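Here is a brief report on the pockets of one protein model. The question throughout is what lines them.

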Amino acid sequence: MDRASALAAALAARGGPRLAGVEWPVSIGSTSDRLKALARRGAPEWTVVLADVQSGGRGREGRTWVSPPGGLYLSVLLRPRFEKVGLLPLAAGVAVAEAAGELGVATELKWPNDVLASGRKLAGVLSEAASGAAGVEWVTLGIGVNVSLEAVALPPEMQGAVTSLTAEGAAEVSVDAVAATVLARLADCYDALRSDPSAVLSAWRSRAAAWWGRRVDVRAGELPLQGRLLEVDEEGALVLELEGGVKRRLLSGEVTRVRPTAGT
Ligand code: BTN
């Protein structure tokens, strides 16, 4: 059985999702770039693209996602027809965190969807969307998980900031099994967004509890901001209290630094 068929079989055994199409080349520029091209040509939801290596992997905020062998590089096409589409990036983070938990690795989430283990980056999600007159037409969720990456495969400046499932003691370390686990958890979170979005938000909040009240530096577009993290609201926006008590809602951006708490 080829890998795509084995993935479909593993998902069928777990109750879904049923994949509409699978591309799984050994090497690609970016799985998300390929999937966006398929989305524009009308590919159905749950079309997925995976690769063992990416030569042009992209991260959030225009960063590069270094993608040597040993990582999961997966992009999933969705065509959501429900209201709370803005929560989809958070739901993807929850799904990856749940998948890591199923594989024996405890994680926490950092807004919007960085998945951390032992305070280091284990996985990230790049959410991209296109809208038309009727609202959101499609969303691609590009998911990168460090499965068994050796630190030496990464640039020196990244080595202390990144961890992997293997390094965190995961019981199951095959990329293919991680792909099935992530997709199954993503389907559960996607269903939950439709039926009970507040449950997804609660799941996200409970995995991000450590951050609230902390003083942070945030980059939102070109704008550097400093403030205190108040909450993530019902739309998935980060609410920051700036100096002077002014509140600011951010729909996208990056927490670039968490300042030490007093006394630590
Ligand atoms: C982040 O910056 O945290 C998001 C990283 C997302 C990386 C994944 S790997 C699969 C997909 N293809 C890409 O080029 N990027 C995403």
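## Pockets and their linings

The largest pocket has a volume of about 600 Å³. Its lining counts 36 residues, and Arg63, Thr64, Trp65, Lys121 and Met158 are the closest to the pocket centre. The model is predicted: local features need pLDDT of at least 70, side-chain atom pairs count only at pLDDT 80 or more, and totals for chains, interfaces and linings use all residues. Residues are numbered from 1 along each chain as its sequence is written, and side-chain values use heavy atoms, with hydrogens and water left out.

A pocket is an open set of points on a 1 Å grid over the protein atoms alone, where a 1.4 Å probe fits, with protein on both sides within 12 Å along at least five of seven lines; lining residues have an atom within 4 Å of a point. Volume is the space filled by probe spheres set on the points, which are joined across faces, edges and corners.

At least two lining residues of the largest pocket come from each of α2 (31-40), β5 (71-78), β7 (114-117), β8 (120-132) and β9 (135-146). β8 gives the most, 5 residues. Helices (H or I, at least four residues) and strands (E, at least two) are DSSP runs, numbered from the N terminus.

The second largest pocket has a volume of about 410 Å³. Among its 21 lining residues, Gly86, Pro89, Ser127, Leu251 and Ser252 lie nearest the centre. α3 (88-102), β8 and β9 each supply at least two. β8 again has the largest share, 5 residues.
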